[in-house]
Amino acid sequence: EDYVFLRDLVKVSALAVAKAPDTESARTMGGFLNVLLGAEDALFVRAFRSLRVPVKAWREADPSPVTAAFGDYLVSLAYSGTFREVCCALYVTEGVYLEWAGLLRKRGARPGVRIYQEWLDIHSEEALGPTVRFLEGVVNGATRAEGPSLQRIFDQTCRYEAAFWDMAYEGDSPTTPSPSGR
């Protein structure tokens, strides 16, 4: 599911590059997009190959209802929202991974499996931290008038992120968050 979700995350990130208010912001988001299309995609492909997952199975996989709803929400937001709103959603999606990898490192995770170690490296403070701090800075630069919209986006993205991980551990359920967040 995470690899299927990556397709939508690439679209969202590309639209963030296009919506960036200046070249520095576009460069930062372009760097993140490059990691998605490069290191992260390559990590998934190596994992699939090492597990002997047929190419067709991962290239043509359909998203679960939760993954589809989450991806649709983010892509729709990326098309219709402002740069700051897109950054708010990405702050949630990427901040979760940065936090998760950081907690694993603090607990002494030293995986003997190369793919797992590469995942930790891609989501480390050194690799992902600058992007998450950039996204946080964009969100924190919001005007008071932008606050309610950003809060809704933050909350809704958190609900989707939680549903995504619930689905990963428990299977799809009818608890997919509605677009309205209710």
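**Reading helices, burial and spaces**

A: We can begin at the end of a helix: H8 is followed by Gly 171, whose phi is positive, near 95°. Please keep in mind throughout that this is a predicted model.

Q: How many residues does H8 have, and how far does H8 reach from its first C-alpha to its last?
A: The general idea is to set the end-to-end reach of a helix beside the span expected at 1.5 Å a residue. Here H8 has 24 residues and a reach of 34 Å between its first and last C-alpha, close to the expected 34 Å. For H1, with 18 residues, the corresponding reach is 25 Å, close to the 26 Å expected.

Q: Which residues of H8 are buried, and against which helices do they pack?
A: An α-helix has 3.6 residues a turn, so residues three or four places apart point the same way. In H8 the buried residues are Ser 149, Leu 150, Ile 153, Gln 156, Thr 157, Tyr 160, Glu 161, Ala 163, Phe 164 and Met 167, and the buried residues of this helix pack against H1, H4 (65-80), H5 and H7 (129-140).

Q: Which helices do the buried residues of H1 pack against?
A: Their partners are H2, H3 (55-59), H4, H5 and H8. Among the buried residues of H1 are Tyr 3, Val 4, Phe 5, Leu 6, Asp 8 and Leu 9.

Q: Is Gln 156 buried or exposed?
A: The test is relative accessible area, with under 20% taken as buried. Gln 156, which lies in helix H8, counts as buried because its relative accessibility is 2%. The side chain of Gln 156 is joined to that of Arg 159 by a polar contact of 2.9 Å.

Q: Where does Ala 20 lie, and why does Ala 20 count as buried or exposed?
A: Ala 20 is found in the loop between H1 and H2 (23-50), and it counts as buried because its relative accessibility is 17%. Once its neighbours within four places in sequence are left aside, Ala 20 is in contact with Ser 25, Ala 26 and Phe 83. From Ala 20 to Arg 159 there are 139 residues in sequence and 26 Å in space, C-alpha to C-alpha.

Q: What lines the largest cavity, and how much space lies in it?
A: A cavity is a space where a probe fits but cannot get out. The structure holds 1 cavity of 30 Å³ or more, and about 70 Å³ of space lies in the largest cavity. Its lining consists of Asp 2, Phe 5, Leu 6, Leu 9, Glu 40, Glu 94, Tyr 97 and His 123, with H1 (2-19) and H5 (83-106) as the elements that give two or more residues. The largest share, 4 residues, comes from H1, and by class the lining has 4 nonpolar, 1 polar and 3 charged residues.

Q: What is the volume of the largest pocket, and which residues are closest to its centre?
A: A pocket, by contrast with a cavity, is an open set of points. The largest pocket here has a volume of about 360 Å³, and of the 16 residues that line it, Asp 2, Phe 44, Trp 100, Trp 119 and Trp 165 are the closest to its centre. At least two lining residues come from each of H2, H5, H6 (114-122) and H8 (147-170), and H2 gives the largest share, 4 residues. By class, the lining of this pocket has 14 nonpolar, no polar and 2 charged residues.

How values were computed: Residues are numbered from 1 along each chain as its sequence is written. This is a predicted model: local features need pLDDT of at least 70, side-chain atom pairs count only at pLDDT 80 or more; totals for chains, interfaces and linings use all residues. Side-chain values use heavy atoms; hydrogens and water are left out. On a 1 Å grid over the protein atoms alone, a cavity is a set of points where a 1.4 Å probe fits but cannot get out, and a pocket is an open set with protein on both sides within 12 Å along at least five of seven lines; lining residues have an atom within 4 Å of a point. Grid points are joined across faces, edges and corners, and a volume is the space filled by probe spheres set on the points. Ala, Val, Leu, Ile, Met, Phe, Trp, Tyr, Cys and Pro count as nonpolar, Asp, Glu, Lys and Arg as charged, and the others, Gly among them, as polar. Buried means under 20% relative accessible area, exposed over 50%, partly exposed in between (1.4 Å probe, protein chains only). Contact means heavy atoms within 4.5 Å. A polar contact is a pair of N or O atoms within 3.5 Å; within protein, one must be able to donate a hydrogen and the other to accept it, and residues adjacent in sequence count only if both atoms are side-chain atoms.
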